Amino acid sequence: MNLFAETWSYLLDGTHWTGDGGLLARLVEQLLLTVTALGAALLVGLPVALWLGHRGRGGFLAVNISNVGRAVPTFALLAILVAADWPGSAPLGPYGRAGLATLIALALFALPPIITNAYVGVREVPHEVREAARGMGMSERQLFRRVELPLALPVVASGVRLALVQVWATATIAALVAGPGLGRIITEGFARNDYAQGMAGAVVVAGVALVLELAAAGVQRAFDPLPRGPARARDDDVSEPAATVAGAPTGG
Amino acid sequence: MTLPTQGPPADDPTCYSRFVNEWLCWQYVEDRRGEILDALAEHVAITLAAVALGVLLALPLALLARRFPRLETAVLGFSTGLYTIPSLALLPLLVPFTGLSAATVVIGLGLYALTILVRALLDGLRSVPDDVREAATGLGYGRARLLVRVELPLALPVVMAGLRVATVSTVALTTIGTLVAYGGLGDLISHGVQRDFRSELLTAALLCVALAALLDVVLVVTQRLLTPWTRGAGA
């Protein structure tokens with residue numbers, strides 16, 4: 001297939017990587033977007049969801065946020081933000097044109113998996129464990145920090161991991177509103193009928209997505225506070241439905 | 001297509017003219033009814049075809065993974081790997097095979113739906129109690145009849161939950177198809193962005209959300225009709 005050869009040579013050509021709007025610049029742009037949006041979502045979503053989980057309230061809210069989040073196409077949200085008077089399509093520092101609109105859309109997109117998993121994670125801490133901690137004289141604050149939080153960590157972490165990969169993937173669609181990121185390489189390729197360029201952009205985006213997924217899985221494993229063995233199976237049972245519940249589309 | 005600036009501009013420009021550019025404009029919906037309905041129909045067709053494709057692919061994969069437990073990790077790993085490929089990247093990767101056609105979008109979205117559906121099918125089949133299975137076998141049910149008459153119906157609540165997730169996600173994802181000019185309502189959204197045409201893009205966005213909600217309700221009702229025994233059990 002000719003196109004594959006062309007894509008390959010596009011990727012090997014150093015000049016396509018350097019310069020303004022080159023692959024490398026776009027890659028950095030998209031990574032920056034991803035990290036900022038994820039950070040903002042964590043800052044806003046995590047404390048609220050953990051607190052709700054501790055109080056055992058708002059489960060309805062936590063689950064439904066993720067259901068509603070799935071139904072709203074991020075592309076549509078982004079388009080509305082860009083066409084609005086605020087934030088509009090103005091450039092924002094290193095994020096480029098439509099930077100603020102893209103950041104808002106991505107942070108909103110990252111919220112559902114973070115909120116759902118954090119809430120479910122704290123909620124799933126067994127009742128007896130809670131009671132035992134209270135019986136030992138722990139205050140609510142100590143109970144939360146020393147018992148609930150460590151036990152919930154694997155589920156919370158898997159939510160963050162899901163959000164990271166999904167935000168990276170979704171950041172690509174900023175290009176549909178002429179925003180920043182690697183998607184620009186793809187849409188420009190299509191606009192100029194240069195499919196090799198479109199394919200090359202797609203390969204880089206997909207490659208980084210896989211690297212991020214594997215890296216996040218590695219980090220999660222390294223910081224897992226619970227010992228391996230029989231306990232592991234139970235944790236997976238807890239985290240998997242939660243991850244499925246929060247499993248929003250990669251894009252949209 | 002350009003923004004209409006016709007009509008008596010001095011005293012009464014339409015609410016979607018270049019000068020007013022309102023977000024909600026019924027006049028726009030009336031004037032462009034045909035265009036909107038076409039986009040909606042394309043959106044529905046692509047979504048349904050993609051979900052149907054996902055089901056068709058997921059069922060044999062799930063049965064295979066269940067029959068040969070060794071394959072389960074491979075099947076789940078493969079479909080999860082597909083899921084990490086961003087949608088805007090997956091479409092260009094398919095273009096060499098399917099070109100700039102609706103098939104590209106359908107196949108791409110079908111692959112995403114596959115991930116959710118394989119998991120749901122496996123979880124659903126696993127939720128069938130062993131004694132039920134043994135009872136049916138004792139009654140002389142063969143493997144195929146057991147699957148069709150006992151296991152699949154009992155797995156339905158879990159499977160339908162997955163189908164709802166897959167369908168709602170696919171409605172949202174179809175908008176991305178605009179990259180290859182087959183995005184249904186997504187085409188209206190991207191046109192609206194290019195022309196700074198607010199009522200067009202908001203109307204399309206609202207229709208997307210409404211369509212997702214409608215299909216979700218249809219699936220819930222279908223599930224209730226298909227699984228009368230779960231009613232009252234709180235499932």
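Helix α8 of chain A, residues 183-191, is mostly covered. In this predicted model, 7 of the 9 residues of that helix are buried. Buried means under 20% relative accessible area, exposed means over 50%, and partly exposed lies in between, with a 1.4 Å probe and protein chains only. Helices are DSSP runs of H or I with at least four residues, strands are runs of E with at least two, and both are numbered from the N terminus. The buried residues of α8(A) include Gly183(A), Arg184(A), Ile185(A) and Phe190(A). They pack against α1 (2-12), α2 (23-55) and α9 (195-222) of chain A, together with α4 (87-98) of chain B. Just after α8(A), Asn193(A) takes a positive phi of about 60°.

A word on conventions. Residues are numbered from 1 along each chain as its sequence is written, and chains are lettered from A and ligands numbered from 1 in the order in which they are written.

Now to the place where the chains meet. Here 39 residues of chain B are in contact with 41 residues of chain A. Contact means heavy atoms within 4.5 Å. The area buried between the two chains is about 3300 Å², and carbon and sulfur atoms give 79% of that area. Buried area is the accessible area (1.4 Å probe) that two parts lose on being put together, summed over both. On the chain B side, Thr84(B), Pro86(B) and Leu88(B) lose the most area to chain A, together 17% of what that side buries. Between chain B and chain A the count is 1 salt bridge. A salt bridge is a side-chain nitrogen of Lys or Arg within 4 Å of a carboxyl oxygen of Asp or Glu. Arg198(B) forms a salt bridge with Asp85(A), with the closest N and O atoms 2.8 Å apart.

Next, the interior. In soluble globular proteins, nonpolar side chains tend to be buried together. The largest nonpolar core here has 119 residues. A nonpolar core is a set of buried Ala, Val, Leu, Ile, Met, Phe, Trp, Tyr and Cys residues joined through side-chain atoms within 4.5 Å. Leu78(A), Trp168(A), Leu182(A), Tyr28(B) and Ile176(B) have the most contacts inside this core. A second, separate core of 6 residues includes Val168(B), Val171(B), Ala212(B) and Leu215(B). Leu78(A) touches Ala101(A), Thr102(A), Ala105(A), Ile173(A), Ala174(A) and Val177(A), not counting residues up to four places away in sequence.

Charged pairs come next. Side chains of opposite charge can pair when their charged atoms come close. Over all chains, the structure holds 15 salt bridges. One joins Glu148(A) to Arg130(A), with the closest N and O atoms 2.2 Å apart. That pair links distant parts of the chain: Glu148(A) is in helix α7 (residues 140-171) and Arg130(A) in helix α6 (residues 127-135), 18 residues apart. Both residues are buried. Arg192(A) and Asp194(A) also meet in a salt bridge, at 3.8 Å from N to O. Arg192(A) is exposed, because its relative accessible area is 55%. Asp194(A), at 25%, is partly exposed.

Chain B has a pair of its own. Arg66(B) forms a salt bridge with Glu151(B), the closest N and O atoms being 2.9 Å apart. Arg66(B) sits in helix α2 (residues 33-67) and Glu151(B) in helix α7 (residues 143-174), 85 residues apart. Arg66(B) is partly exposed at 34%, whereas Glu151(B) is buried at 2%. Salt bridges that share partners join Arg66(B), Asp130(B), Arg133(B) and Glu151(B) into one network.

Finally, the backbone. Most residues other than glycine have a negative phi, and most peptide bonds are trans. The peptide bond from Trp86(A) to Pro87(A) is cis, with omega near -5°. Pro87(A) is found in the loop between α4 (74-83) and α5 (99-123) of chain A. Ala98(A) lies in the loop between α4 and α5 of chain A. Ala98(A) has a positive phi of about 60° although it is not a glycine, and its relative accessible area is 0%, so it is buried. In chain B, Asp196(B) has a positive phi of about 50°.

Definitions and conventions
Predicted model: local features only at pLDDT ≥ 70, side-chain atom pairs only at ≥ 80, totals over all residues. Heavy atoms only, no water.
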